[in-house]
Amino acid sequence: MIQTSGVFICLGFILGLLLTGVPGGGFWVLGCGVVGAVLFGRRRLGRFAQKSENAGGKTEGVPNIWQNTPHPRIWLVAGLVGLLATGYFQWRSPQPNENDISTFIASENNGNQQQLVIVRGEVASNPRLTRSQRGQFVLAATQLDEVKNETGPVDVSKGVTGKLYVTVPILQATGLYPGQQVAVTGVLYKPRTASNPGAFDFQKFLQQQGIFAGLTGRQINVLDQYDERKWGWWQVRQRIVRSQVRWLGVPAGPLVSAMVLGSRAVDLPYDIRDLFVKAGLAHTLAASGFHVSLVLGLILQLTSRASKGTQFTFGCLALIIFLSLTGFQPSVLRAVIMGFAALVGLLLKRKVKQFGSLLLAATILLLINPLWIWDLGFQLSFLATLGLIVTVPALVKRLDWLPLAIASLIAVPLAATIWTLPLQLFVFGVVPAYALLLNIISTPLIATISIGGIISAIAALVWPAGGSALAGVLYFPTDWLIKLVESFNNLPGNSLSVGSISTWQLVGIYAVVIAVWLVRWWQKRWWFAALMAISLVLIPLWYSANTLFRITVLAAGTEPVVVIQDRGTVTLINSGDEGTGRFTILPFLQQQGVNQIDWAIAYGSARSAIASNSKYQDNNAWLEVLQTLPIKNFYEYSPNLKNTIGIQAIQQEVQKQEGTYQPLAPGQTVNTGSVVAQLINEQLPILQFQIQGQNWLLVGNVKPTEVEQLYKAGSLLRPQVLWCSPQSLRDLVQMFQPQVAIASYGNVDSKTLSELSKNQTQLFLTRDDGAIQWTPNGKFEAFVQATENKSSVF
């Protein structure tokens with residue numbers, strides 16, 4: 001479909017977009033084009049090949065793609081296209097206009113007072129349920145009204161533009177639909193960037209969608225009536241989902257719908273979504289090439305006796321309908337474009353080159369939206385498809401001693417894994433240990449459910465009751481699949497954290513994979529290439545585990561959460577409030593390749609307040625951590641909470657994992673080898689510990705006068721590093737004069753900052769600086785500042 005010259009130009013465009021993260025990336029692509037024109041000109045390779053033939057040798061080791069390299073000017077054109085691609089990326093990057101609603105957000109430095117507003121606009125997405133059990137949707141804003149309070153008059157009314165990320169109480173979002181005119185009362189805010197290593201960058205995620213502000217809604221008023229409802233694809237999607245859920249129930253019904261329409265089009269429960277992601281079956285919940293091939297296969301089979309033109313027409317119609325139902329996601333668009341290419345080949349009775357089709361689809365999509373180059377779904381879909389095209393045939397050939405069906409069953413998930421695993425390690429740092437085996441075993445169930453779900457969805461469009469009946473047949477296969485995934489997730493070592501690999505490791509691994517694909521010498525020595533790729537991951541991991549010593553103070557709210565990494569031994573102090581374990585601690589530990597916490601120390605007023613609640617068993621951050629990582633030694637100070645549900649749940653979970661649970665008494669010393677920690681007082685949440693010749697003092701919600709009394713009584717050593725609340729910051733810094741002071745979330749007024757700047761104390765605020773890290777050979781470093789410095793370089 002694409003000639004060699006077209007392949008090089010498309011690759012130049014894609015490479016230019018990839019190098020937008022590198023300073024002067026476009027000029028690097030242009031330089032590669034110039035070098036390619038010089039080194040790989042047609043005449044130069046012709047002379048090389050001729051000399052080899054005259055000498056009776058072979059051109060083994062030179063891949064065909066280089067032997068058929070295009071004219072030198074094509075290299076120059078490809079380099080120039082790559083240079084232009086970087087400029088195109090910057091031009092298409094979303095930026096708020098002068099009237100964007102994000103420009104009307106009051107500065108956060110004006111205090112903690114929140115300005116109540118009413119935003120009018122149109123619902124631009126289907127409402128979804130968040131993990132915190134709130135409704136969420138995107139609102140296209142048209143008008144902003146500032147009010148004094150919920151019942152007071154409007155102070156200012158102005159026309160605005162832009163989109164908002166809106167969250168509201170779940171009952172307020174019930175019944176909303178795209179295109180509906182609403183007025184949302186709430187508080188505007190600017191999304192924050194990631195504050196901790198490994199954390200999700202919410203700000204970047206929204207900016208890629210052209211969203212620069214959020215709204216925490218309290219109340220919604222619908223401005224149009226039900227009879228004014230406009231038709232939309234969401235209604236068709238809703239009809240299918242309701243039909244399948246009617247007989248299958250929850251979670252089987254939403255799971256079948258997600259396997260047909262994709263999880264982005266279906267509000268799938270998070271526990272099922274997490275179950276499949278953890279097991280390595282996330283791709284089954286994403287509409288992609290597998291679903292497109294099923295749809296096309298079904299249509300072509302039903303129209304097998306019709307003419308090629310009829311098959312082409314019905315096939316195109318089916319692809320358009322499927323695309324509209326699933327939403328215009330990059331992975332679906334890529335699969336649909338390749339599906340159209342296959343239909344064109346069928347109509348013209350020509351064989352379609354799959355690699356050229358994939359490259360053309362990627363180029364078209366990136367011309368439509370160049371920001372998709374950094375969309376993880378697009379990247380994984382492209383790499384998985386590339387693996388199926390170029391690696392499956394080679395694997396099937398090597399498995400020729402097996403029946404073809406079994407060889408294909410093994411080759412398909414293995415090829416996809418080879419091409420996608422390096423990127424997954426780069427982003428998540430976690431390997432689902434049994435994912436390959438589970439993919440092989442579950443493929444028949446997944447195919448059965450997907451085909452049955454598609455047939456049920458088609459029937460539901462005509463007769464919802466009939467679609468429900470057909471979906472009911474899928475109950476047992478769906479139930480078996482869920483139980484199969486659960487059983488694999490319960491196996492020991494299911495999720496293996498190896499740590500997020502660096503950019504250079506990622507490039508090195510893909511260089512090895514591409515060499516095996518293109519170079520015959522490497523193809524014969526694939527085992528050596530596999531050993532090299534594995535070594536690129538494991539050797540740096542082993543070196544880091546045996547040499548790294550680092551203390552990280554996480555940005556985790558009002559309670560100090562500290563992680564100490566000491567040459568493979570990990571100590572965790574406190575777990576923070578609800579959600580901190582899942583969204584802050586676990587992502588950080590996974591990024592670091594931590595699979596076990598050796599020592600855990602729990603104390604603090606915030607933890608105790610949560611523990612007194614009957615819901616503590618489900619909400620405690622320690623349980624969030626324990627459900628993923630085992631803890632060998634757990635020390636907890638809870639003198640008045642021994643019989644609460646939460647404390648009992650922690651004890652049971654620790655003992656279940658063959659760890660030891662011990663109560664922590666005031667004055668008791670906990671020695672982890674490199675850390676000596678001590679709880680100072682039975683009434684006050686104060687912990688001090690010594691490490692690497694430094695005294696650290698962690699002060700919770702305590703009055704400065706109480707701390708001063710302990711200091712004068714000799715119960716406290718003068719700390720080199722102090723952690724405290726913003727309210728106590730000024731008094732405690734003046735009292736102890738530490739080298740470094742770290743304050744938790746909260747605003748510190750300018751007067752206090754001015755007074756503290758006169759001291760020699762280095763001050764960090766986790767609200768603004770994010771996590772604070774220290775190593776013996778380096779200084780204290782703020783995560784947000786370090787990230788910004790890297791961004792300025794890249």
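**Notebook: a surface patch, a helix and an asparagine**

I looked up Val 34 and found 40% relative accessibility, so Val 34 counts as partly exposed. The cut-offs are under 20% for buried and over 50% for exposed. I am working from a predicted model. Val 34 sits in helix H2.

Next I checked the nonpolar patch. Helix H2 (residues 25–39) gives the largest share, four residues.

I then turned to helix H15. I note 15 residues, 376–390, and a reach of 21 Å from the first C-alpha to the last. That is close to the 21 Å expected at 1.5 Å a residue. At the start of H15, I find a side-chain oxygen of Asp 375 within 3.0 Å of the backbone nitrogen of Gly 377.

How enclosed is H15? Eleven of its 15 residues are buried, so the rest of the structure largely encloses this helix. I see Phe 378, Phe 382, Leu 386 and Ile 389 among them. Which helices do the buried residues of H15 pack against? I record H13 (330–348), H14 (354–368), H16 (392–398), H17 (404–427) and H21 (503–518).

Last, I looked at Asn 489, which lies in helix H20 (residues 475–489). Is Asn 489 buried or exposed? I read 10% relative accessibility, so Asn 489 counts as buried. The side chain of Asn 489 reaches the backbone oxygen of Leu 275 at 2.9 Å. Leaving out residues up to four places away in sequence, I note that Asn 489 touches Leu 275, Lys 278, Ala 279 and Asn 494.

Technical notes. Residues are numbered from 1 along each chain as its sequence is written. This is a predicted model: local features need pLDDT of at least 70, side-chain atom pairs count only at pLDDT 80 or more; totals for chains, interfaces and linings use all residues. Side-chain values use heavy atoms; hydrogens and water are left out. Helices (H or I, at least four residues) and strands (E, at least two) are DSSP runs, numbered from the N terminus. The expected span of a helix is 1.5 Å times one less than its number of residues. Buried means under 20% relative accessible area, exposed over 50%, partly exposed in between (1.4 Å probe, protein chains only). Contact means heavy atoms within 4.5 Å. A polar contact is a pair of N or O atoms within 3.5 Å; within protein, one must be able to donate a hydrogen and the other to accept it, and residues adjacent in sequence count only if both atoms are side-chain atoms.
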